[in-house]
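User: I'd like to learn how to read salt bridges in a model. Can you walk me through it?

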Amino acid sequence: MDKKKLALRAGSGLIYVAIIIGCILCGQIGVWCLSVIFATLGIIEFRNLTNHGRIGNPYTLALDILGILTLVSAGMPDFTGVGLLLWILFFIVRLIAELYTKSEHPLSDMAKSLLGQIYIGLPLSLMNTIYEISGGSYLLLLMFLMIWISDTGAFIVGSLLGRHRLFERISPKKSWEGFWGALGFNVIAAILFCAFGHGFYLPPDNYTVWIIFAVIVTVSGTYGDLVESLFKRALHTKDSGHLIPGHGGILDRIDSLLLVSPTVMIFLFILAFGMI
């Protein structure tokens, strides 16, 4: 990668990081706005990706956007019941709407629509739920930090030492060395956070919990990246979009988050019941 492209990638990446941190620091409304932006851009990209560069029927697109926004908003405790009821209404209307689209592939269109809702909407809904936990703002910030640390570790170690392919059929550039670099960076970060980051949600001085959290974020984030790569490879495309210069589309940036968020929620339930 030449210096100009590297500078562009770094600059757009810093802006992306600043927006996320800013939204988290702004409170509940900020996190909700972040999830709404991710969900709206994500479902548009997903439709574009799965329809070979076409957005498709504008009416079903509008339904998909409304549906994913209700699902995302259901992650906010004060809106959970209404949000879920509205999403069930979306589900019913979406099925009926397919009767009127005159699509040549109605089953495929409905399947892709509902997959996009679950794949993108549910994790972003859980992101709102995580924030609402006592101390959740710190936990959400920690989650993003570890995703970025993992990506950095994978890039540095993979670029320098990568020889053995991690999942060549899906992502030829990813290496086992990069994965172990990501894990190593995150474990070191977890140890440092545990020692000095007492403002975070996880229990202080419990290195086991912190290291388990680091492993969970690294492994689920890697799988999240591979799942999106599977979609792109099946659809013969390199990037989900071109929204972020040097990075591709929004799905290329939140692919790790889409598996990290639900996995972290499971971890929190286990932690809450004293199983760790």
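This is a predicted model: local features need pLDDT of at least 70, side-chain atom pairs count only at pLDDT 80 or more; totals for chains, interfaces and linings use all residues.

User: How many salt bridges does the count come to here?

Analyst: The count comes to 6 salt bridges. One of them joins Asp 64 and Arg 94, with 3.4 Å from N to O. Asp 64 sits in helix 3 (residues 58-73) and Arg 94 in helix 4 (residues 80-97), so this pair ties together parts that are 30 residues apart in sequence.

User: Are Asp 64 and Arg 94 buried or exposed?

Analyst: Buried counts as under 20% relative accessible area. Asp 64 is at 0%, so it counts as buried, and Arg 94, at 2%, counts as buried too.

User: Which residues are linked with Asp 64 and Arg 94 in a network?

Analyst: Arg 47 and Glu 98: together with Asp 64 and Arg 94 they are linked in a network of salt bridges.

User: What about Asp 225: which residue does Asp 225 form a salt bridge with?

Analyst: Lys 174, with the closest N and O atoms 3.3 Å apart. Asp 225 lies in helix 8 (residues 207-234) and Lys 174 in strand 2 (residues 171-175), so the pair ties together parts 51 residues apart in sequence. Asp 225 is buried at 18%, whereas Lys 174 is partly exposed at 23%.

User: And where do Asp 252 and Lys 232 lie?

Analyst: Their side chains meet in a salt bridge at 2.8 Å, N to O. Asp 252 is in helix 9 (residues 250-254) and Lys 232 in helix 8, 20 residues apart. Asp 252 is buried at 9%, and Lys 232 counts as buried at 10%.

How values were computed: Residues are numbered from 1 along each chain as its sequence is written. Side-chain values use heavy atoms; hydrogens and water are left out. A salt bridge is a side-chain nitrogen of Lys or Arg within 4 Å of a carboxyl oxygen of Asp or Glu. Helices (H or I, at least four residues) and strands (E, at least two) are DSSP runs, numbered from the N terminus. Buried means under 20% relative accessible area, exposed over 50%, partly exposed in between (1.4 Å probe, protein chains only).
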